[in-house]
Amino acid sequence: MRQAKRPVTRLAGAYGHPLHPAAVAIPIGCWTASLVFDLASRVVADGAFLVRGSRWLIALGVLGALAAAMLGFLDFFAIPPRTRAFRTAAVHMSLNLAVTTSYTVSYLLRHRATARVGWGLIALSLVSLAVLAVSGYLGGKLAYRYGVRVADETTQLEGYQDSPAIEKEET
């Protein structure tokens with residue numbers, strides 16, 4: 001278990017400060033915003049600017065997902081094989097790769113869209129975001145239930161001990 005709490009390399013982030021959870025905010029935010037742009041393109045008179053913006057957001061999300069995946073692989077290699085945490089991480093990784101592939105396909109299909117995004121592409125985004133939500137749940141389980149890359153309880157205890165500075169203020 002200690003092995004999964006320590007970074008394989010400093011590139012994964014310092015002990016107790018993994019970079020993967022922070023990096024996933026980029027694709028999640030980009031892909032969520034792209035869905036909003038897609039839906040808005042169906043409402044406004046000329047949604048060409050929204051179609052272009054959505055395509056850019058998808059591209060940025062894919063690039064962000066690839067960066068987050070590299071950091072995630074570093075954390076994955078720290079988890080001992082043949083454990084629940086390892087199996088959960090493998091499913092988490094597989095779902096994320098499927099979502100990234102889905103958005104890559106969506107990006108390639110969007111070259112035809114001009115004034116508004118078609119319902120098929122919107123449905124693909126909705127399904128992809130739903131799968132991403134399941135994967136995010138599993139990622140949370142890895143961190144908060146199994147403690148992958150989370151500081152051990154002895155280290156966490158420091159935050160719950162009285163601070164000398166606080167004691168001085170109270171007197």
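## Close-up legends

**Figure 1. Phenylalanine 76 counts as buried because its relative accessibility is 13%.** Buried means under 20% relative accessible area, exposed over 50% and partly exposed in between (1.4 Å probe, protein chains only). Phenylalanine 77, at 56% relative accessibility, therefore counts as exposed. The model is predicted: local features need pLDDT of at least 70 and side-chain atom pairs pLDDT 80 or more, whereas totals for chains, interfaces and linings use all residues. Residues are numbered from 1 along each chain as its sequence is written, and side-chain values use heavy atoms, without hydrogens and water. Of the 171 residues in the chain, 34% are buried.

**Figure 2. The chain has eight helices and zero strands.** Read from the N terminus, the order of elements is α-α-α-α-α-α-α-α. Helices (H or I, at least four residues) and strands (E, at least two) are DSSP runs numbered from the N terminus. Among contacts in the chain with a separation of 6 or more, 77% are between residues 24 or more positions apart; a contact is heavy atoms within 4.5 Å.

**Figure 3. Aromatic rings pair in this chain.** Rings of Phe, Tyr and Trp (its six-membered ring) pair with centres within 6.5 Å; planes under 30 degrees apart are stacked, over 60 edge-to-face, the rest tilted. By this rule there are four aromatic pairs. In one of them, tryptophan 31 and tyrosine 103 are stacked, with 4.3 Å from centre to centre and 10 degrees between the planes. This pair links distant parts of the chain, as tryptophan 31 belongs to helix H3 (residues 25–41) and tyrosine 103 to helix H5 (residues 84–109), 72 residues apart. Tryptophan 31 and tyrosine 103 are both buried. The phenylalanine 76 and phenylalanine 77 pair is tilted, because the ring centres are 6.1 Å apart and the planes stand at 55 degrees. Phe73, Phe76, Phe77 and Phe86 are linked into a cluster by ring pairs.

**Figure 4. The largest nonpolar core holds 14 residues.** Such a core is a set of buried Ala, Val, Leu, Ile, Met, Phe, Trp, Tyr and Cys residues joined through side-chain atoms within 4.5 Å. Trp31, Tyr103 and Leu129 touch the most other members. Two or more residues each come from H3, helix H4 (48–76), H5 and helix H6 (119–145). Beyond residues up to four places away in sequence, leucine 129 touches Trp31, Thr32, Leu35 and Tyr103. A second, separate core has six residues, including Phe76, Ala85, Leu142 and Val148.

**Figure 5. Aspartate 38, in helix H3, has a side-chain polar contact of 2.6 Å with serine 54.** A polar contact is a pair of N or O atoms within 3.5 Å; within protein, one must be able to donate a hydrogen and the other to accept it, and residues adjacent in sequence count only if both atoms are side-chain atoms. Aspartate 38 has 0% relative accessibility and so counts as buried. Apart from neighbours within four places in sequence, aspartate 38 is in contact with Ser54, Arg110, Val117, Ile122 and Ser125.

**Figure 6. The side chains of serine 128 and serine 102 are joined by a polar contact of 2.5 Å.** Serine 128 lies in helix H6. With 4% relative accessibility, serine 128 counts as buried. Leaving out residues up to four places away in sequence, serine 128 touches Val99, Ser102 and Tyr103.
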